[in-house]
2 protein chains.
Amino acid sequence: MIALDGHGADGGVDVVIRGGELSGLPVRVFGPPLTAIANDEEPARAARSRTDASIVAAARAVGVGEADALVSAGPTGATLAAAVLHIKRMRGVHRPAVAAVVPIPGGRPTLLLDAGANVEVRPEHLVQFAYMGAQFMEAVHGVVRPRVALLSNGEEAKKGTEDVVAAYARLAEDSSGLNFVGNVEGTEVTRGAADVIVTDGFTGNVALKLMEGTASTVTGAIRDAIKSSPLSAVGGLLIRGRVAKLREQIDPNATGGAILLGVRKPVVIAHGKSSAEGIANAVRMAQRAVDEQMVEKTAALLESAGVLRSVAAASVAQPDD
Amino acid sequence: MIALDGHGADGGVDVVIRGGELSGLPVRVFGPPLTAIANDEEPARAARSRTDASIVAAARAVGVGEADALVSAGPTGATLAAAVLHIKRMRGVHRPAVAAVVPIPGGRPTLLLDAGANVEVRPEHLVQFAYMGAQFMEAVHGVVRPRVALLSNGEEAKKGTEDVVAAYARLAEDSSGLNFVGNVEGTEVTRGAADVIVTDGFTGNVALKLMEGTASTVTGAIRDAIKSSPLSAVGGLLIRGRVAKLREQIDPNATGGAILLGVRKPVVIAHGKSSAEGIANAVRMAQRAVDEQMVEKTAALLESAGVLRSVAAASVAQPDD
């Protein structure tokens, strides 16, 4: 059963309820009288103190085993905080990461992580993100030997920040069968150059929003150009059907949104502007992660790759480390 | 007179020579028998040892006062290294930055810096980039009180890496009249939300290439969609003229490329794939920076804002700091 946060979708509770029904899967909606956590609340504090909040109740239901996975279209920060508090990090994972499923025109989607959970990361965090992302693409998207890359300012092993260079060196040494293909540059991301693209949460968040913004600006400019003469406006009518098909193909609603990796149960973060269909797809992604035992397989992969945080390191590390 | 590196343009020396002529401005082309520095050479070493290289000879000509500015379509790293060696950093500037002029459909261009010169930066570097970028947009693009923003993962003052948050605090305190408008997110960059967008060279390089890649992927996907049916293909013919106009408007050739800020003479980095017209525009941008005394005005602004590297700091700092 999937715990579904009733608040957070721009379209209101109704959209969430209809999305749950549309999924055809068993869901439990945590809606009113429970309340929403607003975008401007401090997420960690709100997750701790706001026991009346729907995301907190839904995460707690997953944490105590009443539900198998969590889906929310609410603020990412609140979902992340509630999940870490009640569902908890996987053993040996430094930091959970938000992994965004980016639609690629004419190809299968690319996973970009971290898309914003961790503004500053260390090389060992990037290394874990690589394995977590690869296992998600394999288990949930059925990609065989997903190509994993680091996002950098050049393809060479020495390009990037110190942390990226260090992560490259460790991933290149991998002996567990990870299909590490090196660095990709910004130009390659939307060309499907890799199935999993690993970066820190600052760069990942900027990158994801840049892609959204640029795609929207370019399509808007083309629309304006077409409307600017009667002749091209007629042309615009003739291409409308095909362009609508393309739009459908790269509609963020179709991908189900982002998934939080590194916690003990699947947690899907749907777009705030999700339609009922978008919510349904998010629920389906969560259910698929449950059915395919994504978390268990990820734990096994991190263990076999030898990249779990060691107990010794854990005992001296910061609590949130 | 502008010193023009004869090598580096994908189209060869001929494109550079024609570009110089097309500019209608006095240029001196440094071409064969001088040689090119290749993309895979270590830039700093090459700039020091390759006295036969055209970019080194051209930079030296500017350094000794035989030319007023430098234009090259060669590798950015080599141009940067040759410029720092022979033209030299401005007094009190921590780090020169590559500032890319990003075309915005239907609006004036936005300046993004640093686009790749400094992979790791400190807050005081970001602060200097903000002033250098603002002065360039004012002097060379005639923008009155250019809006300056930091690129971040949220609009709030506390969003971003520690360095971004620290830079925000210093820029918000400015009393020299800088028009600091706060943080912009990735979605806003191509919407012209600011005239100058400041970031570190890693994020800036990734961002610039992501915009290029996304724009190219989206237009390619629309082209493919239009071609996929006879009816929409006819529509495609009807919109062709208007779309070509748009393409012209956002053609990187039209902007003149990127400019290196923080060195003692204007240095313009043209696109490697520049046409002769692209080279001519790069030469015109360099000449405009000379005519408008960009460097002198930038020095005065940095001084009045109190953000120059102090002599005390300089004496203990690293040579390249």
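## Model and numbering

The model is predicted: local features need pLDDT of at least 70, side-chain atom pairs count only at pLDDT 80 or more, and totals for chains, interfaces and linings use all residues. Residues are numbered from 1 along each chain as its sequence is written, while chains are lettered from A and ligands numbered from 1 in the order in which they are written.

## Relation of the chains

Chain B is superposed on chain A by a rotation of 180° with 0.0 Å of shift along its axis, at RMSD 0.0 Å (least squares on the C-alpha atoms of residues with pLDDT of at least 70 in both copies). The two copies are therefore related as by a two-fold rotation axis. In chain B, the C-alpha of B:Gly235 is nearest the axis, 1.8 Å from it. Both copies use the same surface, since 100% of the contact residues of chain B recur in chain A (contact: C-beta atoms, placed from the backbone, within 7 Å).

## Sheet in chain A

In chain A, 10 strands make an open sheet of mixed pairing, ordered S2-S1-S3-S10-S9-S4-S5-S8-S6-S7. Strands are DSSP runs of E, at least two residues, and helices runs of H or I, at least four residues, numbered from the N terminus; two strands pair if DSSP finds at least two bridges between them. Strand S2 (27-30) and strand S7 (179-184) of chain A are at the edges with a single partner strand each, so one side of each has no neighbour in the sheet. From one strand to the next the twist averages 25° (axes are lines fitted to C-alpha atoms, for helices over the stretch in contact, with angles from 0 to 180 degrees between N-to-C directions).

Strand S6 (residues 147-151) of chain A runs parallel to S7(A), joined by five bridges. A:Leu150 is opposite A:Asn183 in S7(A).

## Helix on the sheet

Helix H5 (residues 123-139) of chain A packs on the sheet and touches strands including S4 (97-102), S5 (110-113) and S9 (258-261) of chain A. The direction of H5 makes about 165° with that of S8(A).

Conventions
Two residues are in contact if their C-beta atoms, placed from the backbone, lie within 7 Å.
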